[in-house]
Amino acid sequence: MGVSDETLVRLIKYMAPLTRDYERGLHAHTDKSISTIIFDNQVSGLEIEVKDSQWIKLSIYPSSFVFVVGDTLKAWSNGRLKVVNHRVIMNGYKNRLSIATFAIPIEGIYQNKSID
Ligand SMILES: O=C(O)CCC(=O)C(=O)O
Ligand SMILES: [Fe+2]
């Protein structure tokens with residue numbers, strides 16, 4: 001498996017919840033990609049899971065982005081680079097817009113030493 005010049009760009013609109021209750025925007029997951037770059041419109045909602053199953057909401061500053069290590073990059077680095085479980089929870093009054101750009105690996109065979 002190798003790096004390709006293929007990227008997948010996903011534009012996502014998360015509607016502000018109509019009630020005061022929390023509303024899930026995107027389920028908890030890791031990305032299958034090599035890596036993912038996320039921009040948003042400064043409406044928070046993206047959360048990462050840290051120790052003890054605590055979730056931290058990220059604020060992405062203007063002209064900044066979040067770099068997410070994907071499952072593929074974790075495998076290539078033999079686990080030295082960690083993946084992070086992330087999700088989107090909408091609880092404000094503004095719609096959130098995000099652009100997620102996924103670096104896609106070339107299909108093929110690779111060997112992965114499991115170190116978990
Ligand atoms: O919209 C976001 O902030 C996150 C998107 C995401 O994690 C994904 O599409 O895999
Ligand atoms: Fe993701």
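Analyst: A residue is called exposed when its relative accessible area is over 50%, and buried when that value is under 20%. The model here is predicted. Ser 59 has a relative accessible area of 55% and is therefore exposed. Ser 59 is placed in the loop that runs between β5 (55-57) and β6.

User: How far apart are Ser 59 and Lys 82 in sequence and in space?

Analyst: The two residues are separated by 23 positions in sequence, and their C-alpha atoms by 21 Å.

User: Which elements does the protein contain, and in what order do they run?

Analyst: The secondary structure consists of one helix and eight strands. Starting at the N terminus, the order is β-β-β-β-β-β-α-β-β. Of the contacts between residues at least 6 apart in sequence, 82% connect residues at least 24 apart.

User: What share of the residues is buried, and which of them make up the largest nonpolar core?

Analyst: Of the 116 residues in the protein, 30% are buried. A nonpolar core joins buried residues of nonpolar type through their side-chain atoms. The largest one here has 11 residues: Tyr 14, Ile 38, Val 43, Leu 46, Ile 60, Val 66, Val 68, Val 88, Met 90, Ala 100 and Phe 102. At least two residues of this core come from each of β6 (66-69), β7 (86-90) and β8 (96-105).

User: Which residues is Ile 38 in contact with, leaving aside its neighbours within four places in sequence?

Analyst: The contacts of Ile 38 beyond those neighbours include Leu 46, Ile 60, Val 66, Val 68 and Ala 100. Phe 65, Arg 96, Ser 98 and Ile 99 are also in contact with Ile 38.

User: Which residues make a nonpolar surface patch?

Analyst: Val 9, Leu 11, Phe 39, Phe 65, Phe 67 and Ile 99 form such a patch, of about 590 Å². Leu 11 belongs to strand β1 (residues 3-14). Its relative accessible area is 65%, so Leu 11 counts as exposed. For the protein as a whole, the accessible surface is about 8,000 Å², with 55% belonging to carbon and sulfur atoms.

User: Are His 29 and Asp 31 buried or exposed?

Analyst: Both His 29 and Asp 31 are buried.

Note on methods: Residues are numbered from 1 along each chain as its sequence is written. Chains are lettered from A and ligands numbered from 1 in the order in which they are written. This is a predicted model: local features need pLDDT of at least 70, side-chain atom pairs count only at pLDDT 80 or more; totals for chains, interfaces and linings use all residues. Side-chain values use heavy atoms; hydrogens and water are left out. A nonpolar core is a set of buried Ala, Val, Leu, Ile, Met, Phe, Trp, Tyr and Cys residues joined through side-chain atoms within 4.5 Å. Buried means under 20% relative accessible area, exposed over 50%, partly exposed in between (1.4 Å probe, protein chains only). Helices (H or I, at least four residues) and strands (E, at least two) are DSSP runs, numbered from the N terminus. Contact means heavy atoms within 4.5 Å. Accessible areas come from the Shrake-Rupley method with a 1.4 Å probe; for residues, only the protein chains shown count as cover. Patches are made of residues with over 30% relative accessible area and no salt bridge: like charges are joined within 9 Å, nonpolar side chains (Val, Leu, Ile, Met, Phe, Trp, Tyr) within 5 Å. A salt bridge is a side-chain nitrogen of Lys or Arg within 4 Å of a carboxyl oxygen of Asp or Glu.
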